Amino acid sequence: MLCPNSADGSIKDEASSSVGSNSNTADMRNQQQRLNDNTGGISYKVFGQGGFTFPNYRLILLFLGLLNAVLLIAAVAIGINCNKFREGSVQASHSAAAQLLTELNDLHSNHSDVIKAEEEAKKELDMEIKNQAQLKAKIEQLKTANKDYQGQIQALRTEKDNLQSNISTMEGSCGRCLSGWIYFNSTCYFFSYSESMTVKKNWPDSRADCISRGSDLVVIGNPEEQTFVSNSIQNKKTSSQWWENGFWVGVTDKEAEGTWVWINNVTEVERRYWINGEPNNHGSNEDCGAVLYTPTNPWKTRYDGHCHQHMLHWICEIPSS
Ligand SMILES: [Ca+2]
Ligand SMILES: [Ca+2]
């Protein structure tokens with residue numbers, strides 16, 4: 001028979017109760033008996049000293065049974081839900097994994113596309129660099145060609161100027177000067193070089209030749225005439241000795257050494273037309289004046305030479321009629 005044991009409510013078998021509590025047990029039995037008598041056979045249990053009573057244990061059992069059933073149903077329901085949830089989770093996981101795989105594949109595909117595009121862009125860049133280098137080389141070639149063209153243009157311009165000058169001279173001398181003479185500033189000039197490159201004479205014979213032609217040796221009386229004469233004797237070189245390439249002109253210092261007088265009795269005072277170091281009266285016998293084109297300074301054309309021993313070309317001058 002089960003009964004309450006103490007205030008903590010634990011239930012123990014009556015036979016296992018301790019010996020020290022025998023007197024209390026007897027009292028409880030008596031109390032139980034009295035309760036049975038008073039309730040007409042309905043059993044109650046007494047829990048501890050001064051405790052309280054519960055309904056019949058059958059009701060408790062029934063209640064507990066119902067409670068177990070409810071709990072069982074709840075457990076089953078929870079289990080089903082958990083299973084459904086687990087299945088849902090697994091399906092969701094599968095779906096997410098599949099989605100991730102798809103995205104990963106997409107990314108792989110995109111990455112390949114990007115690499116391909118990068119390689120194509122690199123190829124295009126290399127092509128552009130190559131094209132640019134070729135273009136640069138072409139520009140350099142064009143620049144060089146342009147320089148050449150500019151040089152040619154300049155040369156053609158110079159030639160044109162010379163031709164125009166010659167035309168002017170020819171037009172000017174036409175009908176005014178004898179054949180083989182050059183007209184300049186109302187005057188006709190004869191350069192012996194134009195008649196013969198090889199015939200050269202000393203100063204007196206040259207003057208005699210000019211007189212025989214109805215003229216005399218040239219008198220260079222102004223800067224314009226100096227320029228004309230200097231330009232006219234350009235490129236008239238016939239000897240490797242510089243002093244043999246000159247042309248006799250009508251100026252001497254044979255009357256007074258160092259005093260240069262033109263054949264028209266005009267004394268030369270201009271010193272800037274002498275070549276550096278001239279006149280030097282070399283051998284104390286250079287009393288006749290000649291002119292020679294000097295590329296480094298066309299103004300400086302004059303030098304003195306031996307009147308009888310030096311053989312040169314000569315220049316005659318006759319005023320235009
Ligand atoms: Ca002299
Ligand atoms: Ca000299």
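Val269 sits in the loop between strand E7 (261–262) and E8. Its C-alpha atom is 8.7 Å from that of Thr259, 10 residues away along the chain.

A word on what we're looking at. This is a predicted model, where local features need pLDDT of at least 70 and side-chain atom pairs count only at pLDDT 80 or more, while totals for chains, interfaces and linings use all residues. Residues are numbered from 1 along each chain as its sequence is written, and chains are lettered from A and ligands numbered from 1 in the order in which they are written. The E and H labels are DSSP runs numbered from the N terminus: strands (E) of at least two residues, helices (H or I) of at least four.

Back to that loop between E7 and E8, which also holds Pro279. Glu278 and Pro279 are joined by a cis peptide bond, with omega about -5°. Most peptide bonds are trans, and most residues other than glycine have a negative phi.

That brings me to the loop between E3 and E4, where we find Asn185 and Ser186. Asn185 has a positive phi near 50°, and Ser186 has one of about 65° without being a glycine. Asn185 counts as exposed because it has 11 C-beta neighbours inside 10 Å; Ser186 is exposed too, with 9.

Now the strands. E3 (residues 182–184) and E4 pair in the antiparallel sense over 3 bridges; pairing takes at least two bridges found by DSSP. Phe184 stands opposite Thr187 in E4. E4 also pairs with E10, again antiparallel, over 5 bridges, and there Cys188 has Ile318 as its bridge partner. Since 4 of the 5 residues of E4 are buried, the strand is largely enclosed by the rest of the structure.

Notes. A residue is buried if 20 or more other C-beta atoms lie within 10 Å of its own, exposed if 12 or fewer, and partly exposed in between; C-beta atoms are placed from the backbone.
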